[in-house]
Amino acid sequence: MTVFETQQKILELKAKNDICILAHSYVAREITEVADFTGDSYALAVKAQGVPNKTIIMCGVRFMAETVKLLSPEKTVYLLNSDALCPMAEQMDTELVKQLQSANEGYATVAYINTTTALKTLCDVCVTSSSAVKIIKAMPEKDILFIPDINLGTFIKEQCPDKNIKLFHGGCPTHCLASDKHVQLAKAEHPEAELLVHPECRPEVWKQADYIGSTSGIINYAKESNKKEFIIGTENSICEYLQYECPDKRFYPLSKDLVCHNMKVLTLPELLLACQGEYGEEIEIDDETRTKAIRSIDNMLKYGG
């Protein structure tokens, strides 16, 4: 089958089988075109809560599917491909976090949403890249352990000078590939372009940006800006997405190496098989684990407004 024929079959099957398809912004264009919702991980989980469908297929990485299940425990949630993992989410385990907490008694533990459900059970508050600064400013605690992303943590620390934030050496291997050298080369080649950067990049990169924000924030900024050229400092699929959305503008990748290979294992033929009933991995979270993990998300909503 052609791509178009495969997409048409998926659209037919998801309607017939009462399936909602969620696609993270980093996955291939041919997948986002047949998805019910496309966006950031937490935004997708929230969208899933409001749909009538009882079956959800997450075209993203494991922690994203887990977040959907945490917020919609009554629904059947499938991760399209079991090999789609987030290296940052897997960097810390519960024993390491317990050791850090034991060595820093009295500190509140804040987890980036890009963490496993197991880690969320140990954390006080969860944050997204777009909500982190607001939430940490609103928290009553001054002493904070932030896991796992040191780059996002450094960005938060600069915005919250009244907080005592301890950071650890974790982060996104893809975003960490961008360097000052890439910024200088990109700006030299595209002198009229604005630099839009995700805070998961190194400080040497985001400190030179015209805009720092989440994936959705970058997309919205580029769409709404009067500027015509942009250097995109996040996963390269966002350049492609924005070029489709804004054909009158030009988008350049900060580096050709900013590719999330875990997202790229997700394919359209695999999604067709899932819609035919040959699902990927069903995400299951027991009640005790969910109760412990959901507390950090509840507190995110409490402080994030």
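Start with the second largest pocket: α9 (180-189) and β12 (250-253) each give at least two residues to its lining. Helices here are DSSP runs of H or I with at least four residues, strands are runs of E with at least two, and both are numbered from the N terminus. The model is predicted, so local features need pLDDT of at least 70 and side-chain atom pairs count only at pLDDT 80 or more, while totals for chains, interfaces and linings use all residues. Residues are numbered from 1 along each chain as its sequence is written, and side-chain values use heavy atoms, without hydrogens and water.

A pocket is an open set of points on a 1 Å grid over the protein atoms alone, where a 1.4 Å probe fits, with protein on both sides within 12 Å along at least five of seven lines; lining residues have an atom within 4 Å of a point.

Which element gives the largest share of this lining? That is α9, with 4 residues. Among the lining residues are His182, Glu189, Tyr252 and Lys256. The volume, the space filled by probe spheres set on points joined across faces, edges and corners, is about 160 Å³.

Now the largest pocket, at about 600 Å³. Its lining has 41 residues, and His24, Ser41, Tyr112, Asn114 and Glu200 lie nearest the centre.

Last, helix α3 (residues 41-49). Ser41, Tyr42, Leu44, Ala45 and Ala48 are buried, meaning under 20% relative accessible area with a 1.4 Å probe, protein chains only. The buried residues of α3 line one face of the helix, because they fall within an arc of 160° seen down its axis, taken from the directions from the helix axis to the C-beta atoms.

Note on methods. Buried means under 20% relative accessible area, exposed over 50%, partly exposed in between (1.4 Å probe, protein chains only).
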